Amino acid sequence: MKNIIPSVLNEITGAVLSKATSNAPYIKIKVRCAGKADTLGNLLFYVEQFTPTQVFHKTITPLELSELLISLTGVSYKQVQIDTVKEVITVLTNKKGKMTVLRKPRNQTQRDTP
């Protein structure tokens, strides 16, 4: 996972972390591109963190997104889907902690739909 994130960080349009383990603080986490930049010109991301009764929202930078994905994938969430401009990356983790990375290239029609 540490090898994947830095290479696609500038192309990420969204992500979903799901299948939470028992030690996960949230049921699901959704990330989407905010479409605006901070004062340094970095693209910002909206994060939605779901509990059974509430949803928490915050805005993070690409560096914070990278740290979030690396720290929670495989540890707190067993399934992570990262949407980029060129492909969809799915990271699946089994009970023993083995990670399987699936990459599916996007075709032109998938890029055009929001």
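User: Which backbone oxygen does the side chain of Arg106 reach?

Analyst: This is a predicted model. Arg106 sits in the loop between β7 and α3 (108-112). Its side chain reaches a backbone oxygen at 2.9 Å, that of Thr84.

User: With which side chain does that of Arg106 make a polar contact of 3.5 Å?

Analyst: Besides the backbone oxygen of Thr84, the Arg106 side chain has a side-chain partner. The two are joined by a polar contact of 3.5 Å. The partner is Asp83.

User: Does Arg106 count as buried or exposed?

Analyst: The relative accessibility of Arg106 is 17%. Buried means under 20%. Therefore Arg106 counts as buried.

User: Which are the edge strands of the open sheet?

Analyst: The sheet has 7 strands with antiparallel pairing. Their order is β4-β3-β2-β1-β5-β6-β7. An edge strand pairs on one side only. The edge strands are β4 (55-60) and β7 (99-105).

User: What is the bridge partner of Val91 in β7?

Analyst: Strand β6 (residues 87-93) pairs with β7 in the antiparallel sense over 7 bridges. Thr90 stands opposite Leu102 in β7. For Val91, the bridge partner is Val101.

User: Which residue in the turn between β6 and β7 has a positive phi?

Analyst: β6 and β7 form a hairpin, with 5 residues between them.

User: At what angle does helix α2 run to β1?

Analyst: Helix α2 (residues 62-72) lies across β1 (12-20), β2 (28-37), β3 (43-50), β4 and β5 (77-84). Its angle to β1 is about 30°.

Conventions: Residues numbered from 1 in each chain as written. Predicted model: local features only at pLDDT ≥ 70, side-chain atom pairs only at ≥ 80, totals over all residues. Heavy atoms only, no water. Pairing = 2+ DSSP bridges. Helix = DSSP H or I, 4+ residues; strand = E, 2+ residues; numbered from the N terminus. Contact = heavy atoms within 4.5 Å. Axes fitted to C-alpha atoms, helices over the stretch in contact; angles between N-to-C directions. Buried < 20%, exposed > 50% of the residue type's maximum accessible area, 1.4 Å probe, protein only. Polar contact = N/O pair within 3.5 Å; in protein donor to acceptor, adjacent residues only side chain to side chain.
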